[in-house]
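Please open the structure in a viewer and keep the sequence at hand.

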Amino acid sequence: MVEPVSIEPLGEQRPPPVGPPAEVPVRPAATVMLVKDTPAGLEVFVLRRVVGMAFAGGMTAFPGGAVDGSDHETDHAAPLRWSGPDPQWWAGQLGVTPDTARALVVAAARELFEETGVLLARPSAGVTEAGSDGPDQIAAGSVTDADRIAVLDRRATFAGVLTGADLDLRTDLLRPWANWVTPAGHTRRYDTFFFAAAMPAGQQARLLTSEADLGQWRVPQALLAEYDVGAVRLMPPTLAMLTDLARAGSVAEVMTAERVVTPVRFRERVGGSAGIAVGDDSAAADVTTRKGLS
């Protein structure tokens with residue numbers, strides 16, 4: 001049984017782990033595996049984080065980051081509208097409160113927008129425009145690169161941009177996937193919830209962040225093969241997620257997968273040995289085998 005960690009920044013407490021308190025606060029975070037179908041098979045969008053980053057520098061990873069204060073519901077006069085599963089549904093899937101679930105889902109969509117430009121949104125109240133564009137393209141056309149940069153620079157909130165453009169957040173394009181916790185001993189620790197997301201029709205992923213120097217679509221099996229020969233660097237959670245995706249044949253298969261989100265903790269022990277404490281994560285055992293861990 002894996003003991004979950006507390007999420008203090010979100011104003012709630014999950015039962016703390018048994019043992020000495022962590023030296024570094026654990027921050028809640030959201031990461032998105034953006035997937036699409038191609039003739040080569042299922043592909044996922046990954047970033048290569050710049051060398052020198054305080055956390056995971058030089059690693060290939062998915063778009064994502066820590067939950068920000070703006071991801072919480074603060075403007076009750078103009079609340080962010082949802083199209084798809086509501087915070088109560090997400091709370092049940094993620095094992096957190098509705099307020100926390102809402103912040104995590106908004107953070108996932110915001111980080112995806114900031115780092116790739118992909119917008120999980122649609123016009124509110126059935127708004128349509130002339131032409132052949134679908135709702136996802138209409139939504140993407142309602143915001144600009146200036147809006148994206150303003151959100152990146154924290155001069156505007158993601159919720160404010162969507163509300164100002166009369167857009168609803170499309171939570172139906174997201175699926176809960178996993179929850180991994182950074183082990184003690186690191187200078188930064190995260191309680192990270194992984195989401196899968198279907199690439200909206202008519203949109204393109206465009207890298208726009210100083211935190212990464214490369215963004216590309218890759219077949220999961222190819223990335224795993226490159227990892228095995230040392231051509232790419234992957235953190236254990238990323239390796240586990242790619243192992244999951246390598247088993248999927250299509251976006252539909254990913255989006256309909258039944259997942260039980262249980263905290264997984266990668267333990268680093270004295271002497272360089274390591275192990276994985278697992279709840280119900282299907283790929284964690286494969287990560288242990290691939291990395292030669294026990």
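**First stop: I149**

Select I149 and, leaving aside its neighbours within four places in sequence, one finds it in contact with R155 and L208. The model on display is a predicted one. Next, select the C-alpha atoms of I149 and L208: they lie 8.4 Å apart, although 59 residues separate the two along the chain. Is I149 buried, exposed or partly exposed? Its relative accessible area is 34%, and because buried means under 20% and exposed over 50%, I149 is classed as partly exposed.

**Second stop: helix 4 and helix 2**

The crossing of helix 2 past helix 4 is left-handed.

To display the contact itself, select R110, F113, E114, E115 and T116 on helix 2, together with D147, R148, V151 and L152 on helix 4. By class, this contact comprises 5 charged, 3 nonpolar and 1 polar residues.

**Third stop: confidence**

Finally, colour the protein by pLDDT. The average is 80, and 71% of the residues score at least 70. Select residues 1–14, where pLDDT is below 50; this stretch has 49 contacts in the model beyond near neighbours in sequence. Residues 127–132 also stay under 50, and for them the model has 2 contacts beyond four places in sequence.

Technical notes: Residues numbered from 1 in each chain as written. Predicted model: local features only at pLDDT ≥ 70, side-chain atom pairs only at ≥ 80, totals over all residues. Heavy atoms only, no water. pLDDT = per-residue confidence, 0-100. Contact = heavy atoms within 4.5 Å. Buried < 20%, exposed > 50% of the residue type's maximum accessible area, 1.4 Å probe, protein only. Left-handed = near helix turned anticlockwise from the far one by under 90°. Helix = DSSP H or I, 4+ residues; strand = E, 2+ residues; numbered from the N terminus. Nonpolar A, V, L, I, M, F, W, Y, C, P; charged D, E, K, R; others polar.
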